[in-house]
2 protein chains.
Amino acid sequence: MERSGGRGGQPRVATREVVLAAVRLFTESGFDDTTMDQIATATGVSRRSLFRRFGSKEDILFAEHDELFSTVVRYLEASPDEPLTSVFAAARLVLQGYLRDPEITVPRYRLVRAHPRLRDREVAMTARYQAAFSSYLSRCGDGGGREGRSLAAGVAAASLISAHNHVLRGWLRRPEQDSREVWAGFDEAMDFVRRAAEPMLHAERGPRRDHVLVAVYPGDTGREELLRRIGAAVQASEGS
Amino acid sequence: MERSGGRGGQPRVATREVVLAAVRLFTESGFDDTTMDQIATATGVSRRSLFRRFGSKEDILFAEHDELFSTVVRYLEASPDEPLTSVFAAARLVLQGYLRDPEITVPRYRLVRAHPRLRDREVAMTARYQAAFSSYLSRCGDGGGREGRSLAAGVAAASLISAHNHVLRGWLRRPEQDSREVWAGFDEAMDFVRRAAEPMLHAERGPRRDHVLVAVYPGDTGREELLRRIGAAVQASEGS
DNA sequence: CCCTATTCTGGCACCGAATGCCACAAGAAG
DNA sequence: CTTCTTGTGGCATTCGGTGCCAGAATAGGG
């Protein structure tokens, strides 16, 4: 009675088939010069159904990307509150999603680069990721007040997305390169972000500054006593 | 003979007038339910001329923003190579551009929040800023190789934009608040970004660690002499 | 003064994306 | 078989966006 019926939710023609056909047509004839009618006749799906299933001509290109996005969001929602770790894993998922089928992502990248309108669409996608990551980080941040935490979370998410996109673009430009290199670059970039983001997410108020310790003791203080006292002072300073 | 003629480049109706009228119509009737014909009759500019001057219905909303963007880009191009300082100043310009006329930016913000399509358009604008900032930082960065510098520049630009937008959104939600508070928040946010971005732009490899200085001098060393020597030592350590 | 080049402008026709409405097909549950 | 649900296609319509052409207004040259 509920959540069933019909042909079972399976569309007559698979989404992936439509996307592939559309990508091919766009690449051959250009995005603007390809009409929905052409896609309809090429795929055997009526023009009307195309609009119903994908929403718009642009959305056909990004249909699979949308699925990836919701996967990542679900992943984040189910993640324990280990801020950076979970978010890095999520970014890994995204990159994986791209590397998985170059058949779509690579020609799409070429189209996106050529067409400003599609570029905006792509940018909007990354913004959605950024918002999701930022919200997650803000949710399970630990330091600072609402305001500072939100700022830190936003900046951290922006950094992460930027680094991810940096690696991603590197691959998209030369998709033939060994994927191990890509992942190595990814790990490197994530380390870079971690070093920058870790302190700001945990800082009470701003990141730690360098410390200068000036200790004055009587000249006859024993060496061990001196080290012990200095060690204690440093530890106290780090704990603040 | 060149660059003149016609009515002198001055449109019959000022751009700002058109934008204000459009904003009003959009706010009253909704963005989708406002047709270009309505804007045409409301402003006295023909439908055809509207498309010629603004490109699209969305672009009417962001016309002044586009001017601001090119201003900022010109500013950056003319700036000396003082990476972070110039970029912070540029961000200041942007925020200033928003605060300058709330008459447009505030209702536009409300529209953008309600309408996903306009949101994407707004996001695309900030992406353009981010790209400009990133390119500038990458141009006049000093540490690391091409690759690392590009990554660092991208992350720094993303952080800056994110922090800027954080402050901007705060104001847009409550535009009635004292602008001095906004600027205070901006300075705070910029400091936050500076602390995060400074080390990564100048780092040869990895961020600076905390330093611990242990100085031992004869007990009868004069206070000024002591300060001078310690200061010199710290400075030398920072230069590394 | 007239002529011309340049530029903003408006009207018209046209294409195509996108939506609403309606009818139909096909499998699932009763 | 009936009914409900869901994917589907056709049709008409709206409206954003563009190409084309003609008119208006202004600056400069003869």
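Student: How many residues has H10(A), and how far does H10(A) reach?
Tutor: H10(A) has 24 residues and reaches 33 Å from its first C-alpha to its last, close to the 34 Å expected at 1.5 Å a residue. The expected span is 1.5 Å times one less than the number of residues. Helices here are DSSP runs (H or I, at least four residues; strands are E, at least two), numbered from the N terminus.

Student: Before I go on, what sort of model is this?
Tutor: This is a predicted model: local features need pLDDT of at least 70, side-chain atom pairs count only at pLDDT 80 or more, and totals for chains, interfaces and linings use all residues. Residues are numbered from 1 along each chain as its sequence is written, chains are lettered from A and ligands numbered from 1 in the order written, and side-chain values use heavy atoms, leaving out hydrogens and water.

Student: OK. Where is the kink in H10(A)?
Tutor: At Ala196(A), shortly before the proline Pro199(A), with a kink of about 30°. The bend is the angle between axes fitted to the seven residues ending at a residue and the seven starting there. In H10(B), a kink of about 30° lies at Ala196(B), shortly before Pro199(B).

Student: Which residues of H10(A) are buried?
Tutor: Among them are Val182(A), Phe186(A), Val193(A), Ala196(A), Ala197(A) and Met200(A). Buried means under 20% relative accessible area, exposed over 50%, and partly exposed in between (1.4 Å probe, protein chains only). Of the 240 residues of chain A, 43% count as buried.

Student: Which helices supply the lining of the largest cavity?
Tutor: H9 (146-173) and H10 (179-202) of chain A, plus H9 (146-173) and H10 (179-202) of chain B, each supply at least two residues. The lining includes Val155(A), Ser159(A), Ala196(A), Val155(B), Ser159(B) and Ala196(B).

Student: And how do those lining residues divide up?
Tutor: Into 10 nonpolar, 2 polar and no charged. Nonpolar covers Ala, Val, Leu, Ile, Met, Phe, Trp, Tyr, Cys and Pro, charged covers Asp, Glu, Lys and Arg, and the others, Gly among them, are polar.

Student: Switching topic: how many aromatic pairs are there over all chains?
Tutor: A search of the whole structure finds 8. One of them is Phe69(B) with Tyr129(B), edge-to-face at 5.0 Å centre to centre and 75° between the planes. Phe69(B) sits in H5 (residues 63-77) and Tyr129(B) in H8 (residues 116-139) of chain B, 60 residues apart. Rings of Phe, Tyr and Trp (its six-membered ring) pair if their centres lie within 6.5 Å; planes under 30 degrees apart are stacked, over 60 edge-to-face, the rest tilted.

Student: Are Phe69(B) and Tyr129(B) buried or exposed?
Tutor: Both Phe69(B) and Tyr129(B) are buried.

Student: Last one: why does Ala114(B) count as exposed?
Tutor: Because the relative accessibility of Ala114(B) is 65%. Ala114(B) is found in H7 (residues 102-114) of chain B.

Key. On a 1 Å grid over the protein atoms alone, a cavity is a set of points where a 1.4 Å probe fits but cannot get out, and a pocket is an open set with protein on both sides within 12 Å along at least five of seven lines; lining residues have an atom within 4 Å of a point.
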